Amino acid sequence: MTEAPGLPASVIADAEATADAADARAGLRTRPARPDEIAGVLARFEATWGVGRGPDHAMIQAIEHAGATVLVAVADDGEAAGTGFAAAPLGAALGFLGWNDGLHIHSHMNAVDPAARGRGIGLALKLRQRAICLAHGVDEVRWTYDPLIRRNARMNLVRLGAEVIAFLPDFYGELDDAITGSDRSDRFEVRWRLDSPRTRRAVARGPLPEWRTDGRLALVADFEQVRATDPEAAARLRATSREAFAALERDPDLRVELDAAGDYVLTHDDPDREA
């Protein structure tokens, strides 16, 4: 193994071992997609967000060819077929290079077959992405997520150790896709410092700090279900969250964390605080 610029080989080896362990727990293999698997990656994205709601085959092909992270999660490493997937892989992720406020990978899409959820596939894909980024000397990944979806908040802030750096109201405009429908596209932007104390604690499943609290926002267990069955209630929850997150703009030192109950707390604590 070669040593990436500025990163000890031991850091890269540890990240690869962590990704391998996540694969083993999920009972699969995560790795970069082969060129003949691009159609399967596209199928997984379209099954999640709808046809025409993401990059097309040519765009994914170009991103893969350029060397950005186009990853798949497969049951048998995909070697048996040899000519790509007849169907979509169990999971797929796509990220590309960015340099606003520092060099990083923007992890734009991470999709998992609904029938395979609960196995840790999304987590395994992220940890593989982390290992690949560190091996290439990139020590930060960023992405956006809907702040009202509790399972995503838990994975991002607790299991991975990413941290919220911005609230972006209506970030994507009106999506009208298979997930969001007519709901507003409010997003949190998170930063994942890949070798920070916070991240190392999270991926090692260390204890969550008891954050000192300067405000709270309770989350419902399944906002997507509420949105599908009671759009008016979902709209009220969205409006309430906007009021709560407005405090972040008024106080740049205020941050968002998730507590042990799965609700947001607003805090001035250092993001790398120990438990």
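In the predicted model, Leu217 has Tyr264 of strand S10 as its bridge partner. Strands S8 and S10 pair in the antiparallel sense, over 2 bridges. The two strands belong to an open sheet of 3 strands, in which the order is S8-S10-S9 and the pairing is antiparallel. Strand S8 (216-217) and strand S9 stand at the edges with a single partner strand each, so one side of each has no neighbour in the sheet.

Helix H5 lies across S9 and S10 and runs at about 105 degrees to S9. Within H5, the residues Ala153, Met155, Asn156, Leu157, Val158 and Arg159 are buried. The helix is followed by Gly161, which has a positive phi, near 85 degrees.

Salt bridges number 27 in the model. One of them is formed by Arg227 and Asp146, whose closest N and O atoms are 3.5 Å apart. Arg227 is part of helix H7 (residues 223-229), whereas Asp146 sits in the loop between strand S5 (140-145) and helix H5 (150-159), so the pair ties together parts that are 81 residues apart in sequence. Both Arg227 and Asp146 are buried.

A further salt bridge joins the side chains of Arg150 and Asp263, with an N to O distance of 2.9 Å. This pair links distant parts of the chain, 113 residues apart: Arg150 is in helix H5, and Asp263 is in the loop between strand S9 (255-258) and strand S10 (264-267). Asp263 has a relative accessible area of 18% and is therefore buried, the limit being under 20%.

The side chains of Asp186 and Arg242 also meet in a salt bridge, at 2.7 Å from N to O. Here too the pair links distant parts of the chain, with Asp186 in the loop between strand S6 (163-168) and strand S7 (187-193) and Arg242 in helix H8 (residues 231-250), 56 residues apart. The two partners were assigned to separate burial classes: Asp186, at 0% relative accessibility, counts as buried, while Arg242, at 24%, counts as partly exposed.

Salt bridges with shared partners join Asp20, Asp23, Arg29 and Arg128 into one network. Of these residues, Arg128 is found in helix H4 (residues 121-135). Its relative accessibility is 7%, so Arg128 counts as buried. A polar contact of 2.8 Å connects the side chain of Arg128 with that of Asp20. When residues up to four places away in sequence are not counted, Arg128 touches Glu16, Ala19, Asp20, Asp23, Arg29, Thr30, Arg31 and Leu71.

With a relative accessible area of 22%, Glu224 is partly exposed. The side chain of Glu224 makes a polar contact of 2.5 Å with the side chain of Arg151. Between Glu224 and Ala234, the C-alpha to C-alpha distance is 8.5 Å, and the two residues are 10 residues apart in sequence.

Asp170 has a phi near 50 degrees, a positive value in a residue other than glycine. Asp170 is located in the loop between S6 and S7, the loop in which Asp186 is also found. At 30% relative accessibility, Asp170 counts as partly exposed. Arg205 is likewise not a glycine, and its phi is positive at about 60 degrees. The position of Arg205 is in the loop between helix H6 (197-203) and S8. Its relative accessibility is 52%, and Arg205 therefore counts as exposed, for which the value must be over 50%.

Key:
Residues numbered from 1 in each chain as written. Predicted model: local features only at pLDDT ≥ 70, side-chain atom pairs only at ≥ 80, totals over all residues. Heavy atoms only, no water. Helix = DSSP H or I, 4+ residues; strand = E, 2+ residues; numbered from the N terminus. Buried < 20%, exposed > 50% of the residue type's maximum accessible area, 1.4 Å probe, protein only. Polar contact = N/O pair within 3.5 Å; in protein donor to acceptor, adjacent residues only side chain to side chain. Contact = heavy atoms within 4.5 Å. Salt bridge = Lys/Arg side-chain N within 4 Å of Asp/Glu carboxyl O. Pairing = 2+ DSSP bridges. Axes fitted to C-alpha atoms, helices over the stretch in contact; angles between N-to-C directions.
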